[in-house]
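These are my notebook entries on what I looked up in this structure.

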Amino acid sequence: MSESNTILPALIGGILFGAGLVISGMTDPTKVIGFLDLLNGWDPTLAFVLAGATGSHMVARQLLKDKIPEKFETAKESKVEIDRPLVVGAAIFGVGWGLGGYCPGPALTATIPALGTTLIFTISMIAGMAIYRWSKNKTSSANE
Amino acid sequence: MEEALIATGGGVLIGISATILLAFNGRVAGISGILEGILPPKDAETNWRIVFLVGMIVTGLALAPILPEAFVAVDRPVWLVIVAGLLVGVGTRMSNGCTSGHGVCGMAMLSKRSFIAVAVFLVTGILSATIAGQIFGGV
């Protein structure tokens with residue numbers, strides 16, 4: 001598939017993803033922290049968002065999987081084994097998520113409207129990604 | 001009740017977005033992976049990633065005047081916000097996915113790696129948010 005054919009789906013996908021995050025309340029970090037903080041009045045919103053997103057995508061996958069197997073093949077994660085970076089990385093992410101109230105999608109969507117500490121969060125998050133990407137590339141080129 | 005319906009509906013929009021990206025592009029709608037993919041050193045396939053992220057950002061801007069209450073900045077000390085952002089950035093790339101990549105897409109494809117990642121980040125997220133709530137107060 002030529003690259004221009006991937007642009008329109010990406011644009012529509014980005015718009016729907018951003019709209020879903022805003023409408024569901026996920027760009028409000030107090031709702032996310034309200035779900036994760038068990039001792040300050042529990043807010044269940046996040047569970048409904050995850051159920052709606054994962055559930056609908058799971059149904060759509062079932063309907064599509066025999067029609068477009070080649071797309072499913074390229075979307076597969078290459079790794080299958082449970083390794084240390086998976087568990088350690090997820091643990092590190094969770095700590096930051098609970099402290100800041102943002103995961104990457106909501107942080108990016110909310111950055112310009114919210115500014116303030118949200119902007120500081122997003123810059124730090126991108127810096128963290130860049131640091132990891134840089135250190136990983138350095139390690140892999142040293143091993144060659 | 002109404003809030004739960006709206007939250008579920010918003011979630012379904014995210015699920016449709018992930019389905020479009022899978023069906024047309026054969027790609028996973030994992031935001032941390034899409035974001036990392038446009039950082040240097042340059043990878044192949046940066047164009048659709050940039051367009052996807054711009055779509056998200058523009059939608060946030062367009063909805064901000066209609067739903068201003070959806071965009072509050074988090075009330076935590078600045079040093080803590082910086083630490084939180086760095087941890088989210090490093091952690092999501094180390095584990096190769098975030099709430100969307102592992103949570104939405106990975107669990108929908110019944111990936112064992114993703115179920116484990118989600119269980120781990122929910123547990124550490126609950127621990128850190130609950131402890132921070134005791135130290136800095138609820139948000």
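How many of the 17 residues of H5(A) are buried? I found 13 of the 17 buried, so H5(A) is largely enclosed by the rest of the structure; I called a residue buried if 20 or more other C-beta atoms lie within 10 Å of its own, with C-beta atoms placed from the backbone.

Before going on I noted that this is a predicted model, in which local features need pLDDT of at least 70, side-chain atom pairs count only at pLDDT 80 or more, and totals for chains, interfaces and linings use all residues. Residues are numbered from 1 along each chain as its sequence is written, while chains are lettered from A and ligands numbered from 1 in the order in which they are written.

Entry on H5(A). Helices here are DSSP runs (H or I, at least four residues) and strands are runs of E (at least two), numbered from the N terminus. I checked the length of H5(A), residues 84–100: at 1.5 Å a residue its 17 residues should span 24 Å, and the end C-alpha atoms are 24 Å apart, which agrees; the expected span is 1.5 Å times one less than the number of residues. Just after H5(A), I saw that Gly101(A) takes a positive phi of about 80°.

Entry on the partner helix. The axes of H5(A) and H4(B), residues 78–94, come within 7 Å and cross at roughly 155°, where axes are lines fitted to C-alpha atoms over the stretch in contact and angles run from 0 to 180 degrees between N-to-C directions. The two helices are therefore roughly antiparallel, a label for angles over 145 degrees. Among the residues making this contact are Phe93(A), Gly96(A) and Trp97(A) of H5(A) and Ala84(B), Leu87(B) and Val88(B) of H4(B); contact requires C-beta atoms, placed from the backbone, within 7 Å.

Val88(B) touches several residues of chain A, including Phe93(A), Tyr102(A), Pro104(A) and Met125(A). Over the whole interface, 101 residues of chain A are in contact with 101 residues of chain B, and H7(A) gives the largest share of the chain A side, 18 residues.

Entry on chain B. I counted six helices and zero strands in chain B, and buried residues make up 58% of its 139 residues.

Technical notes. A residue is buried if 20 or more other C-beta atoms lie within 10 Å of its own, exposed if 12 or fewer, and partly exposed in between; C-beta atoms are placed from the backbone. Two residues are in contact if their C-beta atoms, placed from the backbone, lie within 7 Å. Angles under 35 degrees count as roughly parallel, over 145 as roughly antiparallel, 65 to 115 as roughly perpendicular and the rest as oblique. Lists of a residue's contacts leave out its neighbours within four places in sequence.
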